[in-house]
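Work through the exercises below with the sequence and the 3D view side by side. Try each task before you read its solution.

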Amino acid sequence: MSVPSQNLSASASRIVDPEGMNRPHWLVPVLHWGMAVLIVAVFIVGKIMEDLPREQRLPVMGWHILFGLSVLILFLPRIIAVLANVRQQHAISPANIVKTNLAARIMQGVLYFLMLAVPLAGLTAMTTIGRNFSVLGLFSLPNFTANHELHELAENVHGTMATILIILAGAHAGAALWHHFVVKDNVLRRYLPGR
C-alpha cells in the first residue's frame with residue numbers, strides 16, 4: 001500500500017516544528033535580555049557620567065558600578081545556562097543541532113569575553129584609586145592599592161572595551177534582525193517569548 005507524498009510531508013511537518021526547533025531553555029533568553037538591558041544601561045550611564053562635572057559624578061558612578069557588577073554577577077549563570085542548554089539539545093536531538101558558521105561562533109566568543117573583561121577592568125580601575133569607594137551607600141569597593149598607572153591603564157582598557165562591546169552588540173542585534181527579515185528563519189524568534 002503506497003502513501004501519497006502529500007500525506008508524508010504533512011506528517012513530517014507535524015513532527016518537525018521548524019519554529020520551535022532548538023528553542024533554548026527559558027532561562028537562556030531571560031538572562032540574554034536581562035544582560036542586554038544592563039549592558040546598554042551601564043554604557044549610557046557611563047557616557048552621561050563622562051559629561052558631568054567631576055563633583056557631580058559620584059552618584060552617577062555608583063549606578064554605573066552597580067549595573068556593571070550586575071553584568072559580572074549574571075555572567076556565570078548565563079554561561080552555565082548556555083552550556084546546559086547545549087548539552088540538553090545534544091542529548092535530545094544530536095541530528096538537529098543548529099550548525100552555526102564560524103563568524104557567529106567568533107562573535108559569540110568575543111561578546112562573552114567582553115561581558116567578563118569590561119566589568120573586571122572597571123573593577124580593577126576602582127580598586128586601585130587609593131581609597132575605598134562607596135557604591136550608593138549600599139557597600140564599598142575596597143582599595144587594594146594606590147597605583148595610578150594601573151588605575152589609568154584599567155580605566156582606558158575598560159572604556160575602549162566597553163565601546164567595542166556596544167558596537168559588537170549592535171552588530172549582533174543587526175544580524176538577528178537580518179535573520180528575521182531577510183533570511184526568515186527562527187534565530188530571533190527562539191529568543192522571544194511565546195511562539
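Helices are DSSP runs (H or I, at least four residues), and strands are runs of E with at least two; both are numbered from the N terminus. This is a predicted model, where local features need pLDDT of at least 70, side-chain atom pairs count only at pLDDT 80 or more, and totals for chains, interfaces and linings use all residues. Residues are numbered from 1 along each chain as its sequence is written, and side-chain values use heavy atoms, with hydrogens and water left out.

**Exercise 1**

Find the helix that holds A121, and decide whether A121 is buried or exposed.

Solution. Start with the helix: A121 sits in α4. Next, recall the cut-offs: buried is under 20% relative accessible area, exposed is over 50%, and partly exposed is in between (1.4 Å probe, protein chains only). A121 has a relative accessible area of 10%, so A121 is buried. Last, look for H158, 37 residues apart from A121 along the chain. Their C-alpha atoms are separated by 5.1 Å.

**Exercise 2**

Find the salt bridge and describe its two partners.

Solution. Take the rule first: a side-chain nitrogen of Lys or Arg lies within 4 Å of a carboxyl oxygen of Asp or Glu. Side chains of opposite charge can pair when their charged atoms come close. The count by this rule is 1 salt bridge. Its partners are K47 and E50, at 3.5 Å from N to O. Now place them: both belong to α2, 3 residues apart, about one turn of the helix. Then check accessibility. K47 has 34%, so K47 is partly exposed. E50 has 48%, so E50 is partly exposed too.

**Exercise 3**

Which residues form the nonpolar patch on the surface, and what is their accessible area together?

Solution. Patch residues have over 30% relative accessible area and no salt bridge; like charges are joined within 9 Å, and nonpolar side chains (Val, Leu, Ile, Met, Phe, Trp, Tyr) within 5 Å. Areas come from the Shrake-Rupley method with a 1.4 Å probe, and for residues only the protein chains shown count as cover. The members are L177, W178, F181, V182 and V183. Together they have about 510 Å² of accessible area. Pick one member: L177 lies in α5. Its relative accessibility is 43%, so L177 counts as partly exposed.
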